[in-house]
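Here is a quick briefing for anyone opening this structure for the first time. Keep the 3D view handy while you read.

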Amino acid sequence: MGSAVSELPSRRTPLADAAETGLKIVIVGGFGVGKTTLVRSVSEIRPLNTEEVMTQAGVGVDETHGVAAKTTTTVAFDFGRISLNERMVLYLFGAPGQERFWFLWDRLFSGTLGAVVLVDTRRMDDSWYAIDRLEHHKTPFVVAVNRFDNDPSRYSLDEIRQALALPEHVPLIDCDARVRSSGKDVLITLVNHLYEQAMTREMTP
Amino acid sequence: MIRRPVDTGDPDRLYTVTGGRSRADDAFDLVTLVVSECAPTAGMQSEHARILDLCRHPTAVVEIAAELKLPITVVRILLGDLLAMGNITARHPRAAQSVASLPDSALLQEVLHGLRRL
Ligand SMILES: Nc1nc2c(ncn2[C@@H]2O[C@H](COP(=O)(O)OP(=O)(O)OP(=O)(O)O)[C@@H](O)[C@H]2O)c(=O)[nH]1
Ligand SMILES: [Mg+2]
């Protein structure tokens with residue numbers, strides 16, 4: 001981690017001066033499931049990475065304790081971006097699904113539009129926890145199965161839905177994180193899902 | 001305090017950069033867009049100067065953190081300083097203003113349009 005951070009600030013691609021609204025979508029999944037690959041395939045910038053540190057007692061702990069006495073946890077994540085139009089820019093975050101990450105969820109990802117759970121069928125257990133936590137945080141999500149060529153199982157989407165105990169209303173799709181059009185489809189599936197939820201809400205008095 | 005060489009992950013460095021403070025300004029979301037209102041001035045803390053340099057065009061908090069190789073919390077503290085001095089303005093995201101406010105269909109429609117054009 002850390003090596004992908006840009007070393008040439010002067011070569012950054014700046015946003016349009018009219019840019020005013022930042023939006024977030026989080027891509028979450030186990031190690032090596034293809035999060036960075038998906039971010040890279042749709043992003044207009046090379047993925048950058050950054051980190052958040054957190055002291056055991058939380059941010060804003062009594063300053064008299066001094067830094068040295070605190071145990072710190074670091075969560076690293078990478079991100080890319082898509083300028084949707086002159087005013088709106090969408091940031092995509094690739095985030096690890098492990099426990100300490102969820103500890104920071106509210107601080108980093110409150111107000112996120114929604115999430116994509118990226119699944120590798122060879123390690124489906126990793127996805128359980130992410131799905132559970134997203135439900136807990138009431139974050140809408142879709143599940144995308146990143147198909148690896150050397151996966152011998154080729155479970156069907158129905159089988160995967162069952163294995164993950166995924167409710168019928170949560171969209172589940174196949175993808176190839178390396179392919180831009182496929183990554184784009186994943187994002188559109190998520191935002192469509194959010195749109196339908198919003199329409200339902202707005203129709204209900 | 002003696003300034004140590006810059007090296008991410010060194011707690012002493014974070015302590016130095018932030019003057020020992022650990023309370024971040026929560027108003028700054030990861031995707032709040034920051035815009036400089038003035039140029040860096042001589043004698044300004046180097047991190048402040050770098051932020052003002054970066055934010056000549058709108059720049060998200062998370063991009064500032066990646067460029068400066070500093071944790072988000074530290075960047076939020078530095079941005080709080082600059083905001084208090086009137087050196088930056090912040091364009092906060094609509095969706096994050098309250099955790100409970102879900103995006104409306106009109107906003108999502110705009111997002112869909114943008115994605116379909118990709
Ligand atoms: N065959 C195949 N390989 C893929 C696919 N997606 C990703 N990979 C490869 O799998 C490896 C891991 O992908 P990453 O995108 O780094 O995964 P990640 O989830 O970001 O991994 P961590 O950040 O380390 O947890 C890389 O070597 C990718 O090239 C895919 O759809 N098919
Ligand atoms: Mg990665």
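Let's start with Arg56(B), which counts as exposed at 60% relative accessibility (buried is under 20% relative accessible area, exposed over 50%, partly exposed in between, with a 1.4 Å probe and protein chains only). Its side chain meets that of Asp53(B) in a salt bridge, 3.9 Å from N to O (a side-chain nitrogen of Lys or Arg within 4 Å of a carboxyl oxygen of Asp or Glu). Asp53(B) itself counts as partly exposed, at 39% relative accessibility.

Some ground rules: this is a predicted model, in which local features need pLDDT of at least 70 and side-chain atom pairs count only at pLDDT 80 or more, while totals for chains, interfaces and linings use all residues. Residues are numbered from 1 along each chain as its sequence is written, chains are lettered from A and ligands numbered from 1 in the order in which they are written, and side-chain values use heavy atoms, with hydrogens and water left out.

- Searching the whole structure turns up 13 salt bridges over all chains.
- One of them joins the side chains of Glu110(B) and Arg87(A), at 2.5 Å from N to O.
- That pair crosses between chains: Glu110(B) sits in helix α5 (residues 105-116) of chain B, and Arg87(A) in the loop between β3 (72-83) and β4 (88-96) of chain A. Helices (H or I, at least four residues) and strands (E, at least two) are DSSP runs, numbered from the N terminus.
- Both ends are partly exposed, with a relative accessible area of 24% for Glu110(B) and 31% for Arg87(A).
- Over in chain A, Arg178(A) forms a salt bridge with Asp176(A), and their closest N and O atoms are 2.7 Å apart. Arg178(A) is exposed, with a relative accessible area of 52%.

**Around ligand 1**

- Asp176(A) turns up again here: one of its polar side-chain atoms lies 3.1 Å from an oxygen atom of ligand 1.
- Taken alone, ligand 1 exposes 650 Å², and the protein buries 67% of that (areas come from the Shrake-Rupley method with a 1.4 Å probe; for residues, only the protein chains shown count as cover).
- Asp149(A) has a polar side-chain atom 3.2 Å from a nitrogen atom of ligand 1, while Gly32(A) places a backbone N or O atom 3.0 Å from an oxygen atom of the ligand.

- Arg161(A), in helix α5 (residues 157-163) of chain A, is buried yet has no salt bridge. The nearest side chain of opposite charge, Glu168(A), is 4.0 Å away (Lys and Arg count as positive, Asp and Glu as negative; His and the chain ends are not counted).
- A polar atom of the Arg161(A) side chain does lie 2.7 Å from the backbone oxygen of Pro167(A).
- Glu52(A) belongs to strand β2 (residues 48-55) of chain A. Is Glu52(A) buried or exposed? Glu52(A) counts as buried because its relative accessibility is 0%.
- The side chain of Glu52(A) makes a polar contact with the side chain of Thr73(B), at 2.7 Å (a pair of N or O atoms within 3.5 Å; within protein, one must be able to donate a hydrogen and the other to accept it, and residues adjacent in sequence count only if both atoms are side-chain atoms).

**Chain B as a whole**

- Chain B has five helices and three strands, running α-β-α-β-α-α-β-α from the N terminus on.
- Of its 118 residues, 53% count as buried.
- Helix α3 (residues 61-68) of chain B is mostly covered, with eight of its eight residues buried; among them are Glu63(B) and Glu67(B).
- After α3(B) comes Lys69(B), whose phi is positive, near 55°.
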